[in-house]
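Work through the exercises below with the structure open beside you. Each task is followed by its solution.

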Amino acid sequence: MLDRLGTSLKDALKKLAGKTVVDRAAVEELVKDLQRALIQADVNVKLVMQLSQAIKNRSLDEEPPKGMSVREHVLRIVYQELVRLMGSAGEVRLGPQTILMAGLQGSGKTTTTAKLARYFQRKGLKTAVICADTFRPGAYEQLSTLCSRINIPCFGNPQGKDARLIVTEGLKTMGSSEVVIIDTQGRHALEEDLIREIIDLNTLTAATHRWLVLDAAIGQKASEQAKRFHDAISIDGVLITKMDGTAKGGGALSAVSETGAGIVFIGSGETVEDLERFDPDGFISRLLGMGDLKALVERAQETVSEGEIDVNAMMRGKFTLRDMYKQLEAVNKMGPLKQIMSMMPLGNINLPGDVYDVTSTKMTRYRIIMDSMTGKELDDPSVLGSSRIHRIASGSGSSPDEVRELLKYYKNMKRALKGVRGGAGKFNMQRLMKKFGGM
Amino acid sequence: MFDGLRQKLQKIQAGFEQSITSETDEPAATSPESEKDPNLLGRVRVLITDRELVISGKDIEEPLNELEMVLLENDVALPVAEEIIAHIRKDLTGKRRKVGEKVDTIVLTSLRDALLDVLGEGFDLVGYIRTHERPVKILFTGVNGTGKTTTVAKIGSFLKKNGFSVVIGAGDTFRAGAQEQIDVHAGRIGIKIIQHQQGADPSAVLFDAVEYARAHHIDVVLADTAGRFHNRVNLMNQLDKIRRIMKPDLIVYVDEAVAGNDAVIRAFEFEKAVGADAVVLTKADMDPKGGAAISIAHTIGKPLMFLGTGQGYDDIIPFTPGGMVDDLLAGAA
């Protein structure tokens with residue numbers, strides 16, 4: 001289902017390829033696909049509508065900058081608007097602070113509390129946690145077990161009934177710590193008395209930060225829940241948990257737009273180490289089910305520079321192992337080949353599937369093998385005979401079969417490029433080569 | 001519950017009525033001249049012979065779009081929303097309306113049909129246990145933090161009130177504090193619990209729970225498990241092993257009402273990996289809207305058994321699709 005989504009977006013983008021003027025119908029189609037993608041990613045429906053309107057207007061009104069194709073122009077606008085919607089990553093200060101965790105039941109507050117404690121501990125800060133969840137059985141045991149594994153002091157009282165009391169005592173006991181993180185009971189916005197409790201806790205602790213923990217799978221309700229929490233204790237950071245599942249975390253965007261707070265961290269696994277700082281670009285890519293948009297947009301913005309690869313030589317059909325080496329290096333930086341190819345304005349050209357069929361580990365292997373080749377061999381692969389292959393194999397710690405496989409891949413690639421040259425206009429071919437080189 | 005969706009649906013319904021009414025009422029006079037309808041002849045004939053009116057697809061396009069937005073805003077997943085819309089469109093388009101017949105009735109029936117269609121039938125747990133060989137073994141699955149453990153406790157309490165003897169198998173041996181959590185729950189509702197220490201093989205724990213139930217003639221075994229993501233192959237394999245070993249009679253998939261589009265994906269994956277016979281939707285009190293219920297029920301194609309509506313042991317209600325649809329559409333007719 002997810003793949004299909006990414007594909008439909010890409011198809012829409014493809015329709016813009018090679019166009020010289022912005023085509024209203026194509027833009028509308030793109031916007032429609034974008035809406036679907038975002039709604040499926042649980043972004044608030046109203047936000048989606050605003051966003052798509054803005055993209056449509058800008059795409060049609062703004063003149064594409066010189067040297068930028070229509071497709072790149074639209075792509076850039078999509079990206080910019082998304083970045084605007086998301087805001088920047090929330091700030092995390094490394095200094096003495098008190099953090100109050102808030103969120104719905106089962107969103108992962110307790111696990112995240114332990115992860116955060118670990119994060120600050122690793123940054124060299126004296127960290128302690130307080131368990132203010134007096135409701136859920138086992139909450140204190142959970143947090144204290146997690147904390148004892150990482151040597152973090154944990155204050156709490158499994159028999160205690162009053163969270164306010166526990167926190168007051170906890171703050172006294174943990175006074176010498178630089179960072180104090182307070183885990184609270186799960187609550188939702190409609191539970192008045194619990195909301196009052198967290199307001200009290202906030203006043204009581206004079207918390208430096210009040211962070212909202214949101215499950216990546218949360219849907220359209222995120223915005224309402226976030227709003228209530230924000231009204232109660234003015235949230236200044238959002239944490240998205242469970243990003244290791246298939247959920248896209250679009251609900252968090254609603255929370256960001258409601259609270260004006262940035263996303264601070266992302267939880268992506270079950271161990272205490274699985275916490276990452278938020279990276280807007282990676283997040284957008286995930287939302288849309290596309291590769292790294294930013295890199296591609298930036299690439300589109302650069303004027304295409306003369307690459308290290310001799311494009312003209314290749315145009316004459318000279319594609320050596322050396323060229324392939326550079327290409328693999330570039331690919332290594334960019335992500336899978338197929339993804340790059342799909343982003344390029346190739347129009348209707350289809351490279352044979354087996355060209356793509358190289359995993360990133362294989363690519364690394366190939367490069368190592370090529371490192372064991374001589375300059376002559378790289379420039380002219382036809383000299384490679386059995387004995388050279390054996391030498392390369394033992395030199396690179398691989399088997400002769402692997403070397404042969406590499407050569408086969410090289411031949412496929414060469415043939416594919418020849419096909420491109422034959423099938424498409426010269427312009428496209430040159431472009432493709434430059435892209436490969438420029439990467 | 002579900003107030004949000006209900007209000008929206010009522011508004012939409014009014015929209016339908018308006019556009020259908022405006023289309024059908026005046027054309028009653030002018031329709032013979034009305035242009036560009038391919039079925040013009042047919043419509044006229046119908047109008048004359050049967051004194052009926054035909055609803056054309058064009059007339060309901062606008063309210064249908066609006067309805068789709070409403071469904072989306074209420075966390076009905078996109079594919080499911082589209083299916084509902086398609087259902088209604090197919091149902092309404094070309095429908096003949098007798099002159100004088102109220103528009104409400106047509107729209108209402110159509111909406112109700114569409115919703116009932118996706119919601120499927122409810123699941124009568126008590127009835128199921130009565131008609132099956134004891135002990136009835138029920139396995140609970142789901143992703144992290146949806147409320148499996150709390151649900152196990154609630155259902156345990158529910159079954160106890162219905163006169164069944166229950167044992168709980170504490171199959172969450174992974175999460176810190178999970179053992180203590182279920183232990184406290186079991187103690188409070190007075191249900192025997194079978195536990196091993198943390199890190200034990202959940203299959204072994206649950207096997208023991210089943211053996212205990214056999215030996216003591218207990219009616220129901222409730223098997224809690226650790227939350228796991230559907231994209232973790234090893235954890236899903238572990239779940240499969242649990243299934244092979246304890247041979248549950250029912251596999252209950254637990255998800256939360258606040259989940260968005262991902263609900264559909266994970267429900268599908270769980271169904272594919274270990275199957276599911278019924279669904280429990282938790283945290284329905286958080287969600288005044290209720291779209292996830294529609295999405296999940298539709299994706300798994302399995303009946304909803306219970307709705308979790310709060311943090312107390314009694315905050316669980318057996319789900320009846322007719323009841324929910326009536327609730328949603330209540331006050332509309």
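This is a predicted model: local features need pLDDT of at least 70, side-chain atom pairs count only at pLDDT 80 or more; totals for chains, interfaces and linings use all residues.

**Exercise 1.** Decide whether Ile130(A) is buried or exposed, and find what it touches.

Solution. 
1. Locate the residue: Ile130(A) is part of strand β2 of chain A, residues 127-132.
2. Count its surroundings. A residue is buried if 20 or more other C-beta atoms lie within 10 Å of its own. Ile130(A) has 30 C-beta neighbours inside 10 Å, so it counts as buried.
3. List its contacts, leaving out residues up to four places away in sequence: Phe155(A), Gly156(A), Ile166(A), Val167(A), Gly170(A), Met174(A), Val180(A) and Ile182(A).
4. As a distance check, take Thr113(A), 17 residues from Ile130(A) along the chain; their C-alpha atoms are separated by 9.4 Å.

**Exercise 2.** Check the length of helix α10 of chain B, and work out where its buried residues lie around the axis.

Solution. 
1. Helix α10(B) covers residues 202-216, which is 15 residues.
2. The buried residues are Pro202(B), Ser203(B), Val205(B), Leu206(B), Ala209(B), Val210(B) and Ala213(B).
3. Viewed down the axis of α10(B), these buried residues fall within an arc of 165 degrees, and therefore line one face of the helix.
4. Arg214(B) and Ala215(B), on the other side of α10(B), are exposed.
5. The buried residues of α10(B) pack against β3 (136-141), β4 (166-171), β5 (192-194), β6 (220-225) and α11 (233-246) of chain B.
6. Just past the helix, His217(B) has a positive phi of about 50 degrees.

**Exercise 3.** Find which residues touch the most other members of the largest nonpolar core.

Solution. 
1. This core has 183 residues, and those with the most contacts to other members are Leu212(A), Val238(A), Val252(B) and Val279(B).
2. Beyond four places in sequence, the contacts of Leu212(A) include Ala102(A), Phe229(A), Ile235(A) and Val238(A).
3. Another core lies apart, with 13 residues, among them Leu321(A) and Tyr410(A).

**Exercise 4.** Describe the side of chain B that touches chain A.

Solution. 
1. Count the residues: 37 of chain B are in contact with 35 of chain A.
2. Assign them to helices: α4 (57-73), α9 (178-189) and α12 (262-273) of chain B each supply at least two residues. The largest share, 5 residues, comes from α9(B).

How values were computed: Residues are numbered from 1 along each chain as its sequence is written. Chains are lettered from A and ligands numbered from 1 in the order in which they are written. Two residues are in contact if their C-beta atoms, placed from the backbone, lie within 7 Å. Helices (H or I, at least four residues) and strands (E, at least two) are DSSP runs, numbered from the N terminus. A nonpolar core is a set of buried Ala, Val, Leu, Ile, Met, Phe, Trp, Tyr and Cys residues joined through C-beta atoms within 7 Å. A residue is buried if 20 or more other C-beta atoms lie within 10 Å of its own, exposed if 12 or fewer, and partly exposed in between; C-beta atoms are placed from the backbone. The expected span of a helix is 1.5 Å times one less than its number of residues. The arc is that of the directions from the helix axis to the C-beta atoms.
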